[in-house]
Amino acid sequence: MPDVATMEKIVALCKRRGFIFASSEIYGGLGSTYDYGHYGVLLKTNVKNEWWRAMLQERDDIVALDSAILQHPKTWEASGHLAGFTDPMVDCRTCGQRFRADHLGDLQCPQRPSKHPGEATQCDLTEARDFNLMFETTMGPVKDSGATVYLRPETAQGIFVNFKNVLQFSRKKPPFGIAQIGKSFRNEITPGNFVFRTREFEQMEMEFFVPPDEAPRWYEFWRGARRDWYVELGLREDHLRLREHDPDELSHYSSATADVEYLFPIGWSELEGIANRGDFDLTQHAEHSGEKLEYFDPQTKERYVPHVIEPAAGADRATLAFLVDAYDEDELGGEGRTVLKLHPRLAPVKVAVLPHLRKDGLPEAAQEVYAALRRRMQSEYDEGGSIGKRYRRQDEIGTPYCVTIDHQSLEDQTVTLRDRDTLEQERVAIDGLPDELAARLARPWRSPKVAAQA
Ligand code: GAP
């Protein structure tokens, strides 16, 4: 059965339900930047928390870092970004638009959308030239050349320049990792496909420092571990794959890279890259800063520059993949239903509490249930509209459970618990409800789309 999720439907749902809006919309928007609304913040926070859980809580060889966005400009000289973080760009003298020279075959001519840029007779493209993707700004009140700084294009370099600090204070030795989540900025020539490629985005990167001879083994380990993370959080396995880069695709610093790719509505595209960066970064920063960035092993009395294995993911891109994978449409009581079948751990709201009627003491009883639940999990109270409409609203934001309080609840202290995926409804005692829900939310979960396909 073809997937019902299209990018247009995801964008529409995100706007309708307040997940993600175009930024500066009242001024006509600003080239591919987005703002996250209430449910979008909750969802992306859950994605990031799951990443922290996998990196920090479930391991004892990784520590956290939150480095500054603005770093010494020498950082970008050493990393190679000043000289080499470029994309080839062409301009069209006819329409005034700018295109990635290496993506022309995937792009549309703005004046003749059935053609690629350069194909229509009126197209007049310039020669390709390199365009640096880093955003420049000025530090301090004086605008001279010495004050130029850059918004970081990746979080990774903040980790490398702190290697010595972390080694000193964390009491770790290789193999160990430093993990960071934060905003990165790239002046992409052709951003697009909603939050898939934007100019301001959040990365989740971890640099794992290892003895050089262990690098191939750890590269294999992190390739598998990172793919499994997406599977555990519910992405369908037949929509995920690991793709090893060909030698001519590798970045200047990498001896091996694999992408975790997801089958988005736009086709197979990168979700995350896992790279064997060797000793490139520490060596470069040592040369440019004059600081020794190495590890002295007190047992073997050996001094060496650790090699680095880097799993680099995007929080916005992962959030988009979870939304796409969860999006479903079915029929309920003769009416169409749009539902986000999100992993319960990712769902923005875990449970909605709904009084059946807005009278007879039902709202008061429901408020009590809500007060008990919200202490344990992200909950929502809703008494507006018919019960069917309220279920539909919760389905669209992916709430895995709805609790309904009716007249029977007042008599026997039970409520109806409705499951978003199976649509089963059962009566559960109010007393045990928080524990019951916590237990259900902790269970392993598999996308019902997989069962439907089988
Ligand atoms: N430190 C290595 C590095 O930054 P990358 O492949 O350029 O590697 C890692 O970026 C991840 O960051 C990508 O897999 C993607 O998920 C996310 N990412 C990169 N550029 C992005 C953009 N313009 N918009 C949204 N996410 C982006």
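In the predicted model, Phe-160, Phe-163, Phe-176 and Phe-209 are joined into a cluster by ring pairs, where rings of Phe, Tyr and Trp (its six-membered ring) pair if their centres lie within 6.5 Å, with planes under 30 degrees apart counted as stacked, over 60 as edge-to-face and the rest as tilted. Residues are numbered from 1 along each chain as its sequence is written. Because the model is predicted, local features need pLDDT of at least 70 and side-chain atom pairs count only at pLDDT 80 or more, whereas totals for chains, interfaces and linings use all residues, and side-chain values use heavy atoms, with hydrogens and water left out.

By this rule the count comes to 19 aromatic pairs. The rings of Trp-51 and Trp-52 have centres 5.3 Å apart and planes at 65°, so this pair is edge-to-face. Trp-51 is buried, with a relative accessible area of 0%, while Trp-52 is partly exposed, at 24% (buried means under 20% relative accessible area, exposed over 50% and partly exposed in between, with a 1.4 Å probe and protein chains only). The rings of Tyr-253 and Phe-280, with centres 6.4 Å apart and planes at 40°, form a tilted pair. Arg-277 lies over the face of Tyr-253, at 3.7 Å from the ring centre, and Lys-44 lies over the face of Tyr-36, at 4.3 Å; a charge sits over a ring if NZ of Lys or CZ of Arg is within 6 Å of the ring centre and within 35 degrees of the ring normal.

The ligand is surrounded by 20 residues, each having a heavy atom within 4 Å of it, and the closest are Glu-154, Glu-188, Thr-198, Glu-205 and Glu-270.
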